[in-house]
Amino acid sequence: MPIKGKVVDTEGNPLPGASIIVKGTKEGASSSTSGDFVINAKAGDILVVRYLGYGTREITVASANGVLNIVLEAQKQDLSEVVVTALGVKRSEKSLGYAVQKIGGDKVQTVKGVDLGTSLTGQVAGLVVKNSTEFNEKPKLELRGEGVLLVIDGVPYGNMTLRDVPADDIESMDLLKGSTASALYGSRADGGVLLITTKKGAAGKGFAVDINSNTMFQLGYLAVPEVQSSYGRGQNGVIDNDYVWGPRLDAGNTARDWNPVTKQFEDNRPLVSVGKDNLKNFMNTGIVTNNNISIAQTGENGSFRIGLNHIYNKGQFPNQKLSMMNLTSGGEIRINDKFKIESHFGLSRRSAPQIWGGGYDNQGYLYQLVMWTGTEYDIRDYKDYWVVPNKTQNWMYTNWYDNPYLIAHEKLNGKTENTVNANVTANYKFNEAFNLMLRLGYDNYNNSETKRNPTANIFSTRGGWNARGMYSIDNTTGYSTNDDLILTYKKKLNKWSFDGLVGGTIYYFADQGLKSTTRNGLISPTFFSLAGSIEAPTVVPFHNSRQINSLYGRASIGWNDAVFLDVTGRNDWNSAQPKSSRDYFYPSIGSSVVISELLKFPEAVDMFKLRGSWTIFKKAFDPYAINSVYTTNTAAWNTLNAATYPNYLLGENLLPSSQRTWEIGAVGYLFKKRLHFDVAYFNKYYYNRQTDLKEKGNTAYLPNSSGFSMAIVNTKETYERRGIEITVDGSVIKGRDFEWYATMNWAQQHRYYVDIDPLYSPDDLWTKKGERLDTYKASYWLRDPQGNIIFNNGSPVESDYNKKYGYGEPDFSFGFINSFRYKNWNLNVNIDGRIGGLMYNYMYDKMWDTGTNPDSDNEYRYDQVVNGKNNFVGKGVKVISGNVTYDKYGQITSDTRQYAPNDVEVGYQDYAQNFRGGDKGIQNESFVKLRELSLGYSFNQKFVSKLGLKRASFSVTGQNLWMWTNFKYSDPDVDTENLNSPSQRMLGFNFKIGF
């Protein structure tokens with residue numbers, strides 16, 4: 001018979017998602033958002049009621065009359081929450097001497113876009129997610145300014161990304177912050193670890209089917225470039241095939257121009273502005289669908305789960321289509337009380353026939369539509385892009401630029417990616433103290449990227465494209481294995497607790513590839529094959545491999561459940577290092593003291609602890625980075641091949657890069673767990689740093705007289721990374737029917753020079769002890785003592801030196817996560833941002849040069865083009881006498897210059913292309929975003945039961961909904977600007993049903 005009831009806490013607040021099971025049977029139910037449930041039971045049956053963080057209760061059913069009111073009491077486990085730590089070992093949070101932050105899987109299972117990483121933005125203090133606006137580009141995750149190692153069910157796979165993990169598969173995520181938390185993972189975990197635990201069965205006992213579907217449509221833009229629409233293509237007011245400094249539009253002028261209908265040049269074509277919205281008219285409405293179905297079973301001796309996830313993304317540009325399929329399965333089986341086996345398998349496939357989009361050097365769509373073409377044409381008239389198929393395009397330009405529709409459908413760059421991963425973990429429990437775990441992990445990938453264009457005399461050929469036709473295929477394959485054998489020990493003697501492990505890991509990674517490209521065109525317009533190459537194709541192979549053998553151990557001691565001490569050690573043998581330094585050791589030590597267990601605190605303080613830790617971290621060279629090898633070129637001279645000696649030298653006795661990290665922190669729970677805070681300060685010292693060949697700030701340059709450009713050495717230059725992380729969360733308002741739970745994450749980290757290498761460090765004013773590494777320096781316009789721009793012959797004068805503008809990294813990042821619940825309604829609002837930092841705005845700055853910048857549409861340009869006046873006078877001064885001298889850093893040593901107001905007339909175009917916006921394109925990249933929003937309703941248990949369901953909900957969802965920034969025309973979220981594609985606003989709906 002149906003038994004009705006309600007699960008609440010001691011204050012009468014409903015506990016949604018509580019598990020109710022008839023003891024000794026598979027009959028079960030879960031409470032709704034209002035705490036209500038219905039379960040089939042008979043008089044005398046015992047209901048077992050469980051809820052995370054609360055004590056379990058057993059209730060005997062007396063009769064079917066009335067409604068059971070079940071009150072659960074919160075457990076006193078504030079800092080005893082179990083979290084997943086290094087090597088997949090579960091430990092009590094209060095025993096840890098380092099920072100860990102946990103995210104429930106449900107936080108990323110309603111607003112589901114293309115990438116799981118986007119939903120993590122702002123969720124963790126110190127985790128920065130840089131989200132790209134480009135099609136098929138993955139978000140970049142940085143923890144404490146460095147990379148994040150992805151670990152899935154305890155396995156640090158070598159080829160997996162977040163795209164291989166469906167959001168609906170995730171049970172929980174644990175972020176281990178910094179080197180002290182990730183020391184047992186060795187050199188692969190420089191910034192920290194993202195530990196993902198996947199679901200292995202149904203939430204409660206029995207069989208379950210769950211469907212979760214989210215669909216979102218593009219609804220406008222957060223950032224999109226604007227262009228001036230008063231002047232057409234050309235230079236100095238005359239129509240031409242380059243730049244957009246041409247004639248005035250909508251002024252009754254005519255010119256010889258291209259007719260897209262007759263597909264030829266014609267005289268007396270009217271010069272009218274019809275293409276101000278060419279970019280928007282060219283783009284499509286973007287769509288994202290993310291659908292997941294899973295079946296699961298949980299029983300007394302095991303469980304299983306199988307899930308199928310499909311993501312479809314229709315991009316904002318024509319012919320952009322991405323299809324992602326993930327098939328996953330997992331489960332566990334308990335052979336007996338001592339032996340348990342669990343496993344996980346995943347199969348992923350992603351394909352996109354055309355990923356072309358933004359980028360200046362790539363000559364992408366914004367290059368064609370925003371940067372280098374005017375508004376005297378309507379792009380929609382050029383959808384029929386052929387004059388003669390596969391030979392001549394319907395386009396007014398005859399160099400550099402192509403019909404964007406031809407690019408979309410004929411100049412194709414496609415990708416197909418396949419990934420397989422699997423792991424099996426066996427645990428044997430000898431007794432209450434000892435457990436032996438064997439874990440085997442394997443993954444592989446098989447990817448293919450193709451590029452092709454017909455023999456259509458295309459003009460945008462940067463990046464290897466060929467006007468005579470081109471076909472290229474780049475096939476890459478690889479695999480990794482990660483195998484662990486770990487013995488753990490756990491014992492409690494009176495007030496003392498002992499916890500430890502010893503183990504070993506063998507990690508092997510290998511990949512290889514072969515890229516082949518036709519040479520000098522195709523023998524037939526659409527014969528897209530290496531066999532269609534006019535000359536012998538270019539073939540470039542590569543191979544990569546590395547093996548790391550490791551032994552490690554951890555010893556933990558606790559006293560009175562209040563004082564804890566951890567000591568760990570790991571030794572690696574890394575094949576990428578020279579034999580003399582192939583093995584190296586990582587020690588760490590950490591401690592946690594629960595002060596509230598030792599001293600009497602006010603009643604408002606439930607728990608308070610202090611923690612601290614220290615570690616040494618090592619990072620080896622990349623495979624083959626220290627091999628001095630020749631570079632070969634085929635047919636470099638006629639039919640002769642060539643080999644080139646490298647342009648760098650190798651130092652002697654090369655060591656791994658080293659880092660020493662220490663951190664301290666405090667954690668507290670107050671007001672009966674209504675409020676929680678976590679504060680951390682860390683200091684990471686980098687020394688014995690390996691230089692590289694990337695020319696991005698860590699390169700040891702050599703003088704030209706040496707015959708070489710660079711050297712790979714262990715530099716004496718050192719620096720520190722210092723940071724603060726703060727998390728505050730809790731129930732702002734909590735009542736019977738309404739609750740507002742909020743989380744604020746805030747973090748700051750910067751790098752500072754400690755020691756300077758006298759030989760290899762740059763010799764400038766900003767590379768010295770105490771200065772920040774992210775100092776933003778660039779050339780500047782000369783000014784007089786009053787700050788006026790100095791002109792020479794009517795043009796502003798640029799300095800031969802650089803100056804400091806500020807800093808490139810943000811002052812801080814933050815996330816403000818809000819969850820509101822009212823009866824069966826719930827509202828989730830996620831806001832995040834990065835404040836401070838400078839970045840070069842390529843789009844805004846370059847538009848001054850090309851003539852499309854809206855700010856260039858002014859009276860001075862009108863005077864030059866319409867009235868024929870070259871009488872623009874820049875505001876500033878000119879030098880009338882005297883001289884100035886500088887030292888080698890650009891500092892003035894003597895100055896006798898005298899000034900007068902600038903009065904030299906020049907043409908406005910020449911001035912604007914030189915001075916541009918006056919800021920050298922350097923702009924503040926601060927932004928705040930409304931990242932995600934969902935408004936949902938969970939249907940009550942009585943209603944869904946009539947439909948044969950266990951649960952059902954519907955939500956309105958949105959992602960990337962609003963942004964504040966002063967960075968012009970482009971979204972600074974990705975932390976770089978290179979004609980980035982417009983930033984889309986997405987809005988849609990989600991529904992979930994469970995059987």
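Residues are called buried when their relative accessible area is under 20%. By that criterion helix α9, residues 908-915, is mostly covered in this predicted model, since six of its eight residues are buried.

**Helix α9**

- The buried positions of α9 are Tyr 908, Gln 909, Tyr 911, Ala 912, Gln 913 and Phe 915.
- The cover over these buried residues includes the strands β44 (775-781), β45 (790-792) and β46 (795-796).
- The helices α7 (842-850) and α8 (859-865) are also included in what covers the buried residues of α9.
- Arg 916 follows α9 and has a positive phi, near 55°.

**Aromatic pairs**

- The model contains 50 aromatic pairs.
- One of the pairs joins Trp 372 and Tyr 401, which are stacked with 5.9 Å from centre to centre and 20° between the planes.
- Trp 372 belongs to the loop between α4 (365-371) and β23 (386-388), and Tyr 401 to the loop between β24 (392-393) and α5 (404-410), so their pairing ties together parts that are 29 residues apart in sequence.
- Trp 372 has a relative accessibility of 5% and therefore counts as buried, the limit being under 20%.
- Tyr 401 is likewise buried, because its relative accessible area is 2%.
- Trp 740 and Phe 820 form a stacked pair, with 5.2 Å between the centres and 20° between the planes.
- Because Trp 740 lies in strand β43 (residues 738-755) and Phe 820 in strand β48 (residues 812-822), this pair ties together parts that are 80 residues apart in sequence.
- Trp 740 counts as partly exposed, at 23% relative accessibility.
- A cluster linked by ring pairs takes in Tyr 243, Tyr 360, Tyr 367, Trp 372, Tyr 377, Tyr 382, Trp 395, Tyr 397, Tyr 401, Tyr 840 and Tyr 842.
- Trp 372 and Tyr 401, described above as a stacked pair, are among the members of this cluster.

**Charges over rings**

- Arg 233 lies over the face of Tyr 397, 5.3 Å from the ring centre.
- Tyr 397 is also one of the residues in the aromatic cluster.
- Lys 803 places its charged end over the ring of Tyr 805, at 4.7 Å from the centre of that ring.

- Nine cavities of 30 Å³ or more are counted in the model.
- The largest cavity holds about 530 Å³ of space.
- Its lining comprises 33 residues, and those nearest the centre of the largest cavity are Val 114, Ser 132, Thr 133, Gln 959 and Gln 984.
- At least two lining residues of the largest cavity come from each of β19 (287-298), β20 (302-314), β56 (927-938), β57 (951-965) and β58 (983-994).
- Strand β58 supplies the largest share of this lining, three residues.
- The lining of the largest cavity divides by class into nine nonpolar, 16 polar and eight charged residues.
- The second largest cavity contains about 160 Å³ of space.
- It is lined by 19 residues, with Tyr 98, Thr 180, Asp 566, Thr 568 and Ser 588 nearest the centre of the second largest cavity.
- Two or more residues of that lining are given by each of α2 (178-182), β30 (563-574), β31 (583-594) and β32 (605-619).
- By class, the second largest cavity is lined by eight nonpolar, eight polar and three charged residues.

**A buried arginine**

- Arg 834 is located in strand β49 (residues 825-835).
- The relative accessible area of Arg 834 is 7%, so this residue is buried under the 20% limit.
- Between Arg 834 and Trp 746 the C-alpha to C-alpha distance is 9.8 Å, although the two are 88 residues apart in sequence.

**Asparagines with positive phi**

- Asn 457 is not a glycine, yet its phi is positive at about 55°.
- Asn 457 occurs in the loop between β26 (434-453) and β27 (470-493), and it counts as partly exposed at 42% relative accessibility.
- Asn 793 also has a positive phi, near 55°, in a residue other than glycine.
- The loop between β45 and β46 holds Asn 793.
- Asn 793 counts as exposed because its relative accessibility of 62% is over the 50% limit.

How values were computed:
Residues numbered from 1 in each chain as written. Predicted model: local features only at pLDDT ≥ 70, side-chain atom pairs only at ≥ 80, totals over all residues. Heavy atoms only, no water. Buried < 20%, exposed > 50% of the residue type's maximum accessible area, 1.4 Å probe, protein only. Helix = DSSP H or I, 4+ residues; strand = E, 2+ residues; numbered from the N terminus. Contact = heavy atoms within 4.5 Å. Phe/Tyr/Trp six-rings, centres within 6.5 Å; stacked < 30°, edge-to-face > 60°. Lys NZ or Arg CZ within 6 Å of the ring centre and 35° of its normal. 1 Å grid on protein atoms, 1.4 Å probe; cavity = no way out; pocket = protein on both sides within 12 Å on 5 of 7 lines; lining within 4 Å. Points joined across faces, edges and corners; volume = space filled by probe spheres on them. Nonpolar A, V, L, I, M, F, W, Y, C, P; charged D, E, K, R; others polar.
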